[in-house]
Structures are given as C-alpha cells and as structure tokens.
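Visitor: Please show me the structure, and then walk me through a few of its residues with some care.

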Amino acid sequence: MSLQDADVDRQIQQMKKFIEQEAKEKADEIAIKAEEEFNIEKGRLVQSEKLKISTYYERKEKQVELQRKIQRSNLLNQARLTVLKARDDNIKKILEEARKSLGEVTSDTPKYEALLESLITQCLYQLLETDVLVRCRQRDVKLVEKVFPKAINGFKAATGKDVTLTIYMDYLPAECAGGVELTARDGKIRVTNTLESRLELISSQLVPVIRTILFGENESRHFTD
C-alpha cells in the first residue's frame, strides 16, 4: 500500500469515528430529551389524576357532610314534633278532664240556676229580639223556666225592650253537660251558650296559659297569645 493510500484510509477511519461519535452524542441527546419529555408528561398526567382524585373525594366529602346535616335536621325535627305532640296530648288531656267535670256544675242547683240566668241573658243581648225560643236539656226545663222572669227583667232594664221566652220542645241532647241555646226568627238566628260551647270558647285562651304552667315560657317566642 502506498503512503497516499494509507493517508486516505486513515482519514476515512477518522471520519468514521467522528460520524460514530456524532451519532452517539446525537442519540444520547435524543434519549435525554425524550426522557425529559417523558418525565414532564408523566408529571403532568400524575398531577392531573391527583387533581381529579382530590376533586372527586372533596365532592364526596361535601355530599356526606350535606347528608349528615340533612339527617341531623330530620332527627331534630322529629324530636321537636314528638315533644310538641306530647305537650299537645297533655293539654288535650287536661281539657278533656275539664269537659268531664262540666257535669259537676249542674249538681249545685243554686249555682246552676244563677248560671242559667246569666247564660240566657247573654244570649238575649246578642239576639236583641222580642220573641225567642229557648232550647235546653229536658231535665233542666223547670229550672230554666224558673229563671225566665229574672232574665227578662235584666234584659228589659238594660235595653228597654220586652221579650217573650218560650221553651223549645226540641231539647238539647241528654249527654249535653248543660246550658242553653236560643233561637229567633224561625231558627234563622241562633246563639249557643251550652257549657261545652263556653269551654270551647275559653279553651283557645286557656291553652297558652296551660302550656306556660306545664312547660314554662318558650324562650324562642317573641309574642304571647
């Protein structure tokens, strides 16, 4: 081999090594860049999934908390309704006992007689009629007729009007506790003043008082009945 051929061969080998070195460096550079891009993309995906998971569990936590609040509110409402029902039942029991004791009012004849006079007179003031039918229990007829004169005189003294009272033969039911019902103008005008109706009238006024006596003042109420 001549010297010139040896130089050419050496130059070729050098170029070959240079190219191989360049290729290796380029390959390493590509590999490093690819690794970097992979790590960046992996980090982005991981962060995205973490955010999704965090958002999911945060939403679930809020749902659980909301359900807990709703359940607690329902339990409080149920407890409140139970307490209110128990209170109402106690009040109704007291009023029912009062109704049962109404019959005792009629057992004291003098007091019942005075009460009948007052009840009839009150009805006359409301009717302001001159011809009135008086309805009562059959067993009270004689006692009612007995107080007619006093009721008529009391009404005339207060209004200056005369009035005629007549027993209405369609008596109040036997189970009625007592009292009267007055009608005028063929039954078109009616005023009920039985003992039951009087109790019903004052019950709405008694209930707040009974409630306060039994359970004390309600701190959440700003106004009284």
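What follows is a conversation about selected side chains and their pairings.

Guide: This is a predicted model, in which local features need pLDDT of at least 70 and side-chain atom pairs count only at pLDDT 80 or more, while totals for chains, interfaces and linings use all residues. Residues are numbered from 1 along each chain as its sequence is written, and side-chain values use heavy atoms, with hydrogens and water left out.

Visitor: Is Glu 113 buried or exposed?

Guide: Glu 113 lies in helix 3, residues 109-127, where helices (H or I, at least four residues) and strands (E, at least two) are DSSP runs numbered from the N terminus. Because its relative accessible area is 14%, Glu 113 is buried.

Visitor: Which residues is Glu 113 in contact with, leaving aside its neighbours within four places in sequence?

Guide: Contact means heavy atoms within 4.5 Å. With those sequence neighbours left aside, the residues in contact with Glu 113 are Leu 143, Lys 146, Val 147 and Lys 150.

Visitor: How many disulfides does the structure hold?

Guide: A disulfide is a pair of cysteine sulfur atoms within 2.5 Å. For Cys 136, the nearest cysteine sulfur is that of Cys 176, 9.6 Å away, and Cys 136 is in no disulfide. The number of disulfides in the structure is zero.

Visitor: Why does the pair of Tyr 125 and Phe 155 tie together parts that are apart in sequence, and how many residues apart are they?

Guide: Phe 155 is buried at 0% relative accessibility, whereas Tyr 125 counts as partly exposed at 36%. Because Tyr 125 lies in helix 3 and Phe 155 in helix 4 (residues 141-159), the pair ties together parts whose separation in sequence is 30 residues.

Visitor: What separates Lys 52 and Glu 49 in helix 1?

Guide: A salt bridge is a side-chain nitrogen of Lys or Arg within 4 Å of a carboxyl oxygen of Asp or Glu. Lys 52 forms one with Glu 49, and the closest N and O atoms are 3.7 Å apart. Because they are three residues apart in helix 1, what separates them is about one helical turn.

Visitor: Which residues do salt bridges that share partners join into one network?

Guide: Asp 170 and Arg 135 form a salt bridge whose closest N and O atoms are 3.9 Å apart, and this pair links distant parts of the chain, with Asp 170 in the loop between strand 2 (164-167) and strand 3 (179-184) and Arg 135 in strand 1 (residues 131-135). The side chains of Glu 181 and Arg 190 also meet in a salt bridge, at 2.8 Å from N to O. Through shared partners, the residues joined into one network are Arg 135, Asp 170, Glu 181 and Arg 190.

Key: Buried < 20%, exposed > 50% of the residue type's maximum accessible area, 1.4 Å probe, protein only.
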